Amino acid sequence: MNPTAILLATFILSIVGLFFFIWSLRRGMFDDTSSGARTIFTKGEIGQTEEPSADSAQRVRLQGVTDSNERDSGSEEGVSPIELSARIEADRSTAYPVYVMLASAGVWLVVASLAGLLSSLKLHWPDLLTEYAWLSFGRLRTIHLNAVAYGWAPMGTLGLSVWLLPRLLQTPLRGARLVILGAVIWNAALVAGLGGLAVGINAGMEWLEIPWQIGGLFAMGGMLIGLPMALMLGRRKVHHLYVSVWYMGAALFWFPTLYIVAKIPGLHFGVEQGTMNWWFGHNVLGLYYTPISLACVYYFLPKVIGRPIRSYNLSLLGFWTLAFFYGQVGAHHLIGGPIPEWLATLSIVQSMMMLIPVIAFSVNQHLTMVGYFSALKYSPVLRFILFGAIMYTVSSVQGSFEALRTVNAVTHFTHFTVAHAHIGLYGFVTMVIFGGIYFVMPRVLNIPWPKPALITWHFWLVVAGFAVYVITLSIGGILQGLALQDPNVPFMQSVALTIPWLQGRSIGGTLMTLGHLVFVYHIALMTLRVSSVPLDAPVIASQQHTA
């Protein structure tokens, strides 16, 4: 049988089977009375906003937006002082490890930003700092990638996970010192890894440049961070696991599996090594950063507006389709390379199948926000979270169509791919991390953000910079791809025509870097003003007992 026919039949069978599976578990796909969506609220919290990053005036107006909408009148479980105490105890148990990870994430964000901006400048200013080998483009760009991929993003997502899981499970974190030790080991490994990259020690595979000898420290640090979180599941005090727990639990299982398999020394060679490289490179985004970021969206967005997600069943559909379909999409990076044709076709098919979880998530978030979009004017956290959620849709839909051979022929090996990668890892993941940190830090340090105006400056600087960055590289990348496809155009002409667009990239990168400096300065300022007085809860204290 034709391999294409086999893959098409597999696609249809998977879709039918998956929908039957979901239907058999949960009926009423758009039923808005599911008790699962309410488990992050207590009785009385639905209809009450929670926005730790807003000032008092913004909170009043935000509450007014929620009050103007019809409150959910479905049944809720009774309030329990025991559960209220569990929430408070959970927050206290995670304060130190969460602060260590989020603060270190901020440091790596600055390192990555400066390395990325300098490498961007070198693309159109090649004589800049050429006398230092460690400041060459090849090394700086690799330092930038690894500072993001193993510094900013993991520390940010793991820090938010450590804070969220005890709340969602109503169980305090035990082994906080292990988590801190794991974070220290992880950061020490990254310092060693980036130092090695700076002096030219490189494993030669994108996303996996740090040698396996140092990678072993990542595995050790990650185990120390993840083990206490995994043990909480056995001690949980909730009957139902909210969908965010599913996403985080899966991500914490998938990442070590991906990394350990990818870094086993002496196992991968030749074409198989290239295939493994993009199996890891794509899956670390889709099976680690994406699930944790979606978990954050599913928690923070409903909590800010005081409304459960519109369809809990759609959230489960999104989870299972992500788990079933994402595993082999990375091979579309190797279309035209020396890999089996069926593998490239399988990757294309699975890339298109990823439209299902993306549409499920997007529809769910839109339905949840209907009537509440005006809340964006008053909630800094909501701006970051919703922007990230929208960019998840944009990045995923764009990525699915980029996998098609006709589109891939134009966009591959161009700056368009760089723009696409930043829509996913920056526009989606990083913006969600920003929103999560703005929500969490006041709870961790027991002090409000000292200068809320800086949050607004941060948001607009990074959004403006991101827009300039993505638009210029997308246009320049398409022009570059079309020139590369034209046999009458000399190669150097295809390079020269990208120069104005690369300058636009640097302008966008500069704006984003300024936004990052504002963000880290605000965290530092907040740290210096730490108070032992707990931050007043935005809802009735006696009713705050669940996540």
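# Exercises on a predicted model

Apart from its neighbours within four places in sequence, Tyr469 is in contact (heavy atoms within 4.5 Å) with Val418, His422, Arg505, Gly508, Gly509 and Met512. This is a predicted model, in which local features need pLDDT of at least 70, side-chain atom pairs count only at pLDDT 80 or more, and totals for chains, interfaces and linings use all residues. Residues are numbered from 1 along each chain as its sequence is written, and side-chain values use heavy atoms, with hydrogens and water left out.

**Exercise 1.** Determine where Tyr469 lies and whether Tyr469 is buried or exposed.

*Solution.* Step 1: Tyr469 belongs to helix H15; helices are DSSP runs (H or I, at least four residues), numbered from the N terminus. Step 2: the relative accessible area of Tyr469 is 6%, so this residue is buried. The classes are buried (under 20% relative accessible area), exposed (over 50%) and partly exposed (in between), with a 1.4 Å probe and protein chains only. Step 3: Leu511 is 42 residues from Tyr469 in sequence, and their C-alpha atoms are 9.4 Å apart in space.

**Exercise 2.** Describe the salt bridge between Glu45 and Lys303 and state how far apart the closest N and O atoms are.

*Solution.* Step 1: side chains of opposite charge can pair when their charged atoms come close. A salt bridge is a side-chain nitrogen of Lys or Arg within 4 Å of a carboxyl oxygen of Asp or Glu. Step 2: in the bridge between Glu45 and Lys303, the closest N and O atoms are 3.6 Å apart. Step 3: Glu45 sits in the loop between helix H1 (3–25) and helix H2 (56–67), and Lys303 in helix H8 (residues 270–305), so the pair ties together parts that are 258 residues apart in sequence. Step 4: Glu45 counts as buried because its relative accessibility is 1%, and Lys303 counts as buried at 2%.

**Exercise 3.** Find which parts of the chain are tied together by the salt bridge of Arg405 with Glu341.

*Solution.* Step 1: the closest N and O atoms of Arg405 and Glu341 are 2.9 Å apart. Step 2: Arg405 lies in helix H13 (residues 405–411) and Glu341 in helix H10 (residues 341–353), so this bridge ties together parts that are 64 residues apart in sequence. Step 3: Arg405 counts as partly exposed at 35% relative accessibility, whereas Glu341 counts as exposed at 54%.

**Exercise 4.** Characterise the packing of H8 and helix H11 (residues 355–369) by the distance and the angle of their axes.

*Solution.* Step 1: the axes come within 11 Å and cross at roughly 10 degrees. Axes are lines fitted to C-alpha atoms, for helices over the stretch in contact, and angles run from 0 to 180 degrees between N-to-C directions. Step 2: H8 and H11 are therefore roughly parallel to each other; angles under 35 degrees count as roughly parallel, over 145 as roughly antiparallel, 65 to 115 as roughly perpendicular and the rest as oblique. Step 3: the residues that make the contact include Leu294 and Tyr298 of H8 and Phe361 and Met369 of H11.

Technical notes
Helices (H or I, at least four residues) and strands (E, at least two) are DSSP runs, numbered from the N terminus.
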